[in-house]
Amino acid sequence: GGSGIGGTIVSQICEKELTIPFAVNKDYFIPAFVNKHTLVVVSSYSGNTEETLQAMDIAVKQGAKIVCVSSGGKTIELCKQHNLDYILIPGG
């Protein structure tokens, strides 16, 4: 969906400056290298994007540091449930 465009833009702006990998994922699964040393930024405008929720669940299980950006939905519910940081943006 459109929620992933922010990650794509940031990765292109920063690609020549970064000394660590920056991957944009728009799939149901996450890369195998994701672990407790990985920052995962979950972005879903509605908060109910199926692919995003499944990938988020995997990231939680792998112990990644997670920050979410959403207007609500299941994404924010999961953040509260797992005590994760999030940025609540206006809906509508």
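T38 sits in the loop that links helix 1 and strand 1. Helices (DSSP runs of H or I, at least four residues) and strands (runs of E, at least two) are numbered from the N terminus. The model is predicted: local features need pLDDT of at least 70, side-chain atom pairs count only at pLDDT 80 or more, and totals for chains, interfaces and linings use all residues. Residues are numbered from 1 along each chain as its sequence is written, and side-chain values use heavy atoms, with hydrogens and water left out.

T38 has a relative accessible area of 15%, so the residue counts as buried. Here buried means under 20%, exposed over 50%, and partly exposed in between (1.4 Å probe, protein chains only). Leaving aside residues up to four places away in sequence, T38 touches F33, A64 and K65; contact means heavy atoms within 4.5 Å. The T38 side chain also reaches the backbone nitrogen of N35, at 3.0 Å.

F22 lies in the loop between helix 1 (5–14) and strand 1 (39–44). F22 is partly exposed because its relative accessible area is 39%.

The protein chain holds three helices and three strands. Their order from the N terminus is α-β-α-β-α-β. Along its principal axes, the C-alpha trace spans about 35 × 30 × 20 Å. Of the 92 residues, 28% are buried. Among contacts between residues at least 6 apart in sequence, 54% join residues at least 24 apart.

How values were computed:
A polar contact is a pair of N or O atoms within 3.5 Å; within protein, one must be able to donate a hydrogen and the other to accept it, and residues adjacent in sequence count only if both atoms are side-chain atoms.
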